[in-house]
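Good morning, colleagues. Please keep the sequence and the model open while I speak, and follow the residue numbers as they come up.

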Amino acid sequence: MCWPPKIDGSIVSVAAEEGLPCHQDCNSREGKISRYSGPALPEDILLHIHSLLPLRDAARAASVSRAFRNSWKCHPNLYFSNETMGLKDTLHGPEQMQLDFISTVYHILKRHSGTGLKTFGLEISSHYDPCHLDSWLHLALSSGLEELIIELCSGLKMWSGMCMPWYNFPCSLLSGKSRDSIQNLRLSSCAFHPTVRFCLRSLKKLYLCSVSSTDDELQCILSDSFALERLELLSCSKIINLKIPYLLQRLSYLEVKACLSLEAIQIEAPNISTFRFSRRNPVQLSLGEACQVKDLYVSHYGAVYFARVDLPLIAPCLEILTIESHKEMVNNITILPSKFYQLKYLDICVPGQYFVPDYDFFSLASFLDASPSLETFILDFNLRRVFADPESVLGELSQSHMRQTAEHHYGNLKRVKINRFHPARSLVELTCHILESAASLQCLTLDTKCCCSGVSHSKSGKCFIFAVRAYIEGNFPSTTRLDFPKPCTLDVKLSLPSNV
């Protein structure tokens with residue numbers, strides 16, 4: 001039965017029940033009644049105040065105040081979860097909590113006038129009979145809804161040996177009255193299988209997380225959502241070839257994360273300025289000639305090499321580039337003629353535990369050589385092991401000259417930060433190269449947290465900061481501020497060569 005009898009007990013049910021006492025807008029103490037004696041607020045102001053309250057607080061206000069009694073029936077934001085309704089597993093037990101949840105949602109929606117309902121949300125942590133959700137959505141979408149949120153925290157079940165979503169979102173409901181009003185659609189852990197194209201004329205934001213939907217089914221909603229501005233696809237495992245059509249000319253933000261079956265992304269929408277892509281393995285990426293991506297985040301195996309070799313040709317208009325590489329198999333980046341002419345901000349995250357042991361960090365200077373407009377450069381290491389003993393690094397640096405490339409001038413580079421700076425010869429060489437080539441450099445920050453945690457001490461317990469600071473400070477311009485930690489306090493001091 002999809003409409004169970006009402007069960008008393010929840011806060012929201014109490015607030016909505018007209019027959020329950022409302023304390024007469026007063027507090028009784030020793031038989032005396034105190035009332036608010038100030039001027040009455042206009043009804044529209046009271047409605048606005050009540051609309052700003054969270055669901056649970058709105059219910060409490062309606063239960064103790066006649067002024068809010070009627071406004072409760074047209075509250076614009078209904079978001080149902082165990083937390084908002086004060087339901088706790090330890091107090092009610094899972095079965096009783098589910099019954100209370102179902103009863104409360106029906107009770108409120110049945111009494112809500114439908115007028116002014118802008119946001120409807122469900123956060124469900126266990127499996128429910130799908131007919132309940134269908135009924136709730138039918139009631140909610142019968143008004144001019146602007147935001148719909150379905151968060152199914154336990155949205156998968158085993159079916160014929162496969163993990164499948166237990167709830168199939170009723171796409172036909174989106175072709176009703178809310179078709180012209182809905183602006184934000186968020187679906188998590190459910191199936192979304194539209195059979196025909198439908199136009200959500202006002203849709204601005206679409207968020208799909210762990211949603212079972214194929215390439216063609218996704219196109220049913222994308223093809224005619226001309227107002228779409230933001231699209232997020234997370235863990236949608238059935239998407240193989242993602243196409244962003246040219247007609248989505250208002251789309252400015254695109255995020256694709258952990259879509260494991262994805263093989264290719266083809267972007268034709270001309271005004272996407274921010275694109276975030278994260279996945280273990282790379283995919284074939286194609287940006288149309290009209291595409292003007294300016295802010296790009298890319299995270300996958302070999303991302304550093306991909307960014308230097310392919311991105312200047314794929315995304316020539318980049319201004320902000322953030323790279324996170326899970327694994328780099330190529331130990332250096334060769335000199336290439338391609339350029340990032342508009343790039344101003346570059347952030348490279350290098351998880352050191354996945355890199356080849358002899359990775360040549362000095363080759364990252366290729367990014368600087370290719371970015372004449374670069375102003376900020378951040379290099380971040382996530383180390384779990386020591387690359388070299390600081391004493392051996394010190395010996396190598398004292399016995400040979402550091403490498404240099406063809407003369408380059410980084411005329412716009414102002415800020416450089418290297419997080420978790422560690423004793424690798426090629427990294428020291430990169431740092432000195434930047435100091436020598438960036439006359440406009442205002443600040444160099446070397447964060448040595450790995451040293452302070454004992455990761456990068458020598459076998460004798462000596463701090464590597466002694467080894468590198470002498471070389472860096474020797475080439476340091478007087479116009480640049482150096483943010484460099486003091487060496488660790490140790491009993492044994494590191495002896496520097498006489499030529500330092």
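I shall begin with the chain as a whole and then turn to individual elements.

Residues are numbered from 1 along each chain as its sequence is written. The model is predicted: local features need pLDDT of at least 70, side-chain atom pairs count only at pLDDT 80 or more, and totals for chains, interfaces and linings use all residues, while side-chain values use heavy atoms, with hydrogens and water left out.

The secondary structure of the chain amounts to 14 helices and 22 strands. Here helices (H or I, at least four residues) and strands (E, at least two) are DSSP runs, numbered from the N terminus. Of the 500 residues in the chain, 49% are buried. Buried means under 20% relative accessible area, exposed means over 50%, and partly exposed lies in between, with a 1.4 Å probe and protein chains only. Among contacts between residues at least 6 apart in sequence, 63% join residues at least 24 apart; contact means heavy atoms within 4.5 Å.

I turn next to a helix pair. Helix H5, residues 94-111, packs with helix H6, residues 130-140, at an angle of about 20°, and their axes are 10 Å apart. Axes are lines fitted to C-alpha atoms, for helices over the stretch in contact, and angles run from 0 to 180 degrees between N-to-C directions. The angle makes H5 roughly parallel to H6. For reference, angles under 35 degrees count as roughly parallel, over 145 as roughly antiparallel, 65 to 115 as roughly perpendicular and the rest as oblique. The crossing of H5 and H6 is left-handed, a term used if the near helix is turned anticlockwise from the far one by less than a right angle, with clockwise giving right-handed.

Which residues make the contact? On H5 they are Phe101, Ile102, Val105, Tyr106 and Leu109, and on H6 they are Cys131, His132, Ser135, Trp136 and Leu139. By class, the residues of this contact divide into 8 nonpolar, 2 polar and no charged. In this scheme Ala, Val, Leu, Ile, Met, Phe, Trp, Tyr, Cys and Pro count as nonpolar, Asp, Glu, Lys and Arg as charged, and the others, Gly among them, as polar.

Strand S4, residues 119-124, comes next. In S4, 5 of the 6 residues are buried, so the strand is largely enclosed by the rest of the structure. S4 pairs with strand S3, residues 77-80, in the parallel sense over 4 bridges; two strands pair if DSSP finds at least two bridges between them. In that pairing, Asn77 stands opposite Thr119 in S4. S4 is also joined to strand S5, residues 147-152, by 6 bridges, again in parallel, and Leu122 stands opposite Ile150 in S5.

S13, residues 264-267, is joined to S15 by 4 bridges. Ile265 stands opposite Leu285 in S15, and Ile267 stands opposite Leu287. S15 has a covered face, formed by Leu285 and Leu287, and an uncovered face, formed by Gln284 and Ser286.

Leaving aside residues up to four places away in sequence, Ile244 touches Leu222, Leu231, Leu251, Leu254, Gln266, Ile267, Glu268, Ala269 and Ile272. Its C-alpha atom is separated by 8.6 Å from that of Gln219, 25 residues apart along the chain.

Ser235, in the loop between strand S10 (230-234) and S11, has a positive phi of about 55° although it is not a glycine. Ser235 is partly exposed, with a relative accessible area of 31%. Ala258, in the loop between strand S12 (253-257) and S13, has a positive phi near 55° and is likewise a residue other than glycine. Ala258 is partly exposed at 29% relative accessibility.

Finally, His300 lies in strand S16, residues 295-300, and is buried, with a relative accessible area of 2%. Beyond four places in sequence, the residues that His300 touches include Phe277, Arg279, Arg280, Glu324 and His326. The C-alpha atoms of His300 and Phe277, 23 residues apart along the chain, are separated by 8.4 Å.
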